[in-house]
Amino acid sequence: MNHNWNPPNKSQLKLNIDAAWISANLPTGFSLILRNDAGVLEQGRTGAFTASTPEEAEALGLLQGAKWASEFGLSNFLVEGDCKNLFDYLNGYESLIEWQNKAILDEAIIELKSCNNFFGFLFCSYDS
C-alpha cells in the first residue's frame, strides 16, 4: 500500500515533520517541510540533535517545528507527522506515549497556540 501526500485545504499550509533516529549514540536528524495548497514548497529546515529513543526524536523534531513556526510567524496551517503515539496524544486520544515526551509535546502545543490560525495535528502513515 502506498500513501501519497495530500495538500492542505485551499489557502492553508501544511507543515510536515519527521525525524530519523538510528541510536542514542548517533545524532538524530529532523526535517521540516512547509507546503501550500498546490503542494509547492514554501520553506524547509533540517537539523540535528541527540535523542534516546525514536519517539523522543519525533517529539523533539515536532518541538523544533513548533518553535520554527512561532518564530516565522506562521499562520493558516496544520502540522502533519507519522508518529502515531505522538499524534494521538496531541489530538487528545488515548496514547501509549512515553511519559518523558509529554512535556516536550506540551511545550510544542504552547508554541503552536501562539500562532495565528493553527488548525491542529494530522497523523499520516507513510507505509510503503
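This is a predicted model: local features need pLDDT of at least 70, side-chain atom pairs count only at pLDDT 80 or more; totals for chains, interfaces and linings use all residues.
Residues are numbered from 1 along each chain as its sequence is written, and side-chain values use heavy atoms, with hydrogens and water left out.

The secondary structure of the chain comes to 3 helices and 5 strands, where helices (H or I, at least four residues) and strands (E, at least two) are DSSP runs numbered from the N terminus. Read along the sequence, these elements follow the pattern β-β-β-α-β-α-α-β. The radius of gyration, taken over C-alpha atoms, is 14 Å, close to the 14 Å that the globule rule (2.2 Å times the number of residues to the power 0.38) gives for 128 residues, so the chain is as compact as a globular protein of that length. Along its principal axes the C-alpha trace spans about 40 × 35 × 30 Å.

Strand 1 (13-20) is joined to strand 4 (residues 75-81) by 4 bridges, and these two strands run parallel; two strands are said to pair if DSSP finds at least two bridges between them. With strand 2, strand 1 pairs in the antiparallel sense over 7 bridges, and in this pairing leucine 15 stands opposite leucine 34. Since 6 of the 8 residues of strand 1 are buried (under 20% relative accessible area, with exposed meaning over 50% and partly exposed in between, for a 1.4 Å probe and protein chains only), strand 1 is largely enclosed by the rest of the structure.

Threonine 28 is found in strand 2 (residues 28-35) and counts as buried, because its relative accessibility is 1%. Leaving aside its neighbours within four places in sequence, threonine 28 is in contact (heavy atoms within 4.5 Å) with residues including Ala19, Ala20, Trp21, Phe49 and Ala57.

Leucine 62 lies in helix 1 (residues 54-72) and is likewise buried, with a relative accessible area of 2%. Beyond its neighbours within four places in sequence, leucine 62 is in contact with Ile17, Val79, Phe87, Leu90, Leu105, Ala108 and Phe121. The C-alpha atoms of leucine 62 and glutamate 107, which are 45 residues apart along the chain, are separated by 10.0 Å. For the chain, among contacts between residues at least 6 apart in sequence, 62% join residues at least 24 apart.

Two residues deserve attention for their backbone angles. Most residues other than glycine have a negative phi. Serine 11, in the segment before strand 1, has a positive phi of about 65 degrees although it is not a glycine, and at 58% relative accessibility serine 11 counts as exposed. Asparagine 117, in strand 5 (residues 116-123), has a positive phi of about 55 degrees and is not a glycine either; its relative accessibility of 38% makes it partly exposed.

Over the whole chain, buried residues make up 41% of the 128 residues. The chain exposes about 7100 Å², of which carbon and sulfur atoms supply 51%, the accessible areas coming from the Shrake-Rupley method with a 1.4 Å probe and, for residues, with only the protein chains shown counting as cover.
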